[in-house]
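This report describes salt bridges, a nonpolar core and a surface patch. The structure comes first, and the description follows.

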Amino acid sequence: GVYRWDLLDPKIQALTDAGFEIAAQFCYTPAWASTHPERENEIIVCLPASSAFGPKDMNDFTTFVEKIASVGPRKANLTLHMQAWDRKSLQRLKDVGLDAFTVQIEVMDPKMFTEICPGKAEHMPYEGWLQSIHDAVDVYGVGNVAVKLIPGITLFAPSGHKTWQEARDYHIEANRWCIKNGALPALLAMW
């Protein structure tokens with residue numbers, strides 16, 4: 001495709017010239033890259049449903065990340081907040097300039113994961129998401145991987161927690177699991 005940076009680059013250059021350090025973040029799969037772009041107008045947890053699926057063509061997406069990571073004033077500390085990916089794909093993204101990775105698993109329970117995140121479960125089974133966290137830590141290093149969790153969301157799953165105390169205790173354990181495995185828990189409140 002054609003990349004047009006003429007609107008963005010002058011603004012980034014001005015910030016860089018003013019002494020700001022740029023830290024770029026990709027969040028979710030853009031509709032043009034999604035395996036389900038037709039679901040762009042369907043909303044799931046405040047986001048287009050198309051963003052819940054991985055890229056349909058990893059080569060196109062990697063080229064896009066590489067262009068952002070390495071051209072002109074856009075060279076930045078670059079973090080990708082997305083789906084669980086296999087080790088090979090994680091390494092390819094690191095090789096083209098990605099500095100950190102966030103696995104957006106939302107909930108760390110296999111049954112609730114399938115209930116709350118059906119698109120993500122379709123992309124990869126729960127165990128694959130856990131493996132992706134381990135692989136990301138191996139590729140990017142301890143402290144360069146985050147695991148996005150949504151506190152309280154387990155109260156809304158059919159098999160979820162019945163009290164806020166149960167949900168709190170579950171999230172404490174989920175945070176401990178992340179830290180024990182070299183990842184940073186990233187809590188996102190969406191209420």
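In this predicted model, Asp135 and Arg87 form a salt bridge, with the closest N and O atoms 3.3 Å apart. Asp135 belongs to helix 6 and Arg87 to helix 3, so the pair ties together parts that are 48 residues apart in sequence. Asp135 is buried, with a relative accessible area of 8%, while Arg87 is partly exposed at 37%.

Seven salt bridges are found in the whole structure. The table lists three of them.

| Pair | N to O distance |
|---|---|
| Asp135 and Arg87 | 3.3 Å |
| Lys120 and Glu106 | 2.4 Å |
| Arg168 and Asp169 | 3.1 Å |

The Lys120 and Glu106 side chains meet in a salt bridge. This pair links distant parts of the chain, with Lys120 in helix 5 (residues 118-123) and Glu106 in strand 5, 14 residues apart. Lys120 and Glu106 are both buried.

In the pair of Arg168 and Asp169, Arg168 is partly exposed at 38% relative accessibility, and Asp169 is partly exposed with a relative accessible area of 40%. Salt bridges that share partners join Arg87, Asp135 and Asp138 into one network.

The largest nonpolar core has 45 residues; Leu80, Trp85, Phe101, Met108 and Tyr140 have the most contacts inside it. Helix 6 supplies the largest share of this core, seven residues. Beyond its neighbours within four places in sequence, Met108 is in contact with residues including Tyr126, Val147 and Trp177.

Leu155 lies in the loop between strand 6 (145-149) and helix 7 (164-180), and is partly exposed, with a relative accessible area of 35%.

Note on methods. Residues are numbered from 1 along each chain as its sequence is written. This is a predicted model: local features need pLDDT of at least 70, side-chain atom pairs count only at pLDDT 80 or more; totals for chains, interfaces and linings use all residues. Side-chain values use heavy atoms; hydrogens and water are left out. Helices (H or I, at least four residues) and strands (E, at least two) are DSSP runs, numbered from the N terminus. Buried means under 20% relative accessible area, exposed over 50%, partly exposed in between (1.4 Å probe, protein chains only). A nonpolar core is a set of buried Ala, Val, Leu, Ile, Met, Phe, Trp, Tyr and Cys residues joined through side-chain atoms within 4.5 Å. Contact means heavy atoms within 4.5 Å. A salt bridge is a side-chain nitrogen of Lys or Arg within 4 Å of a carboxyl oxygen of Asp or Glu.
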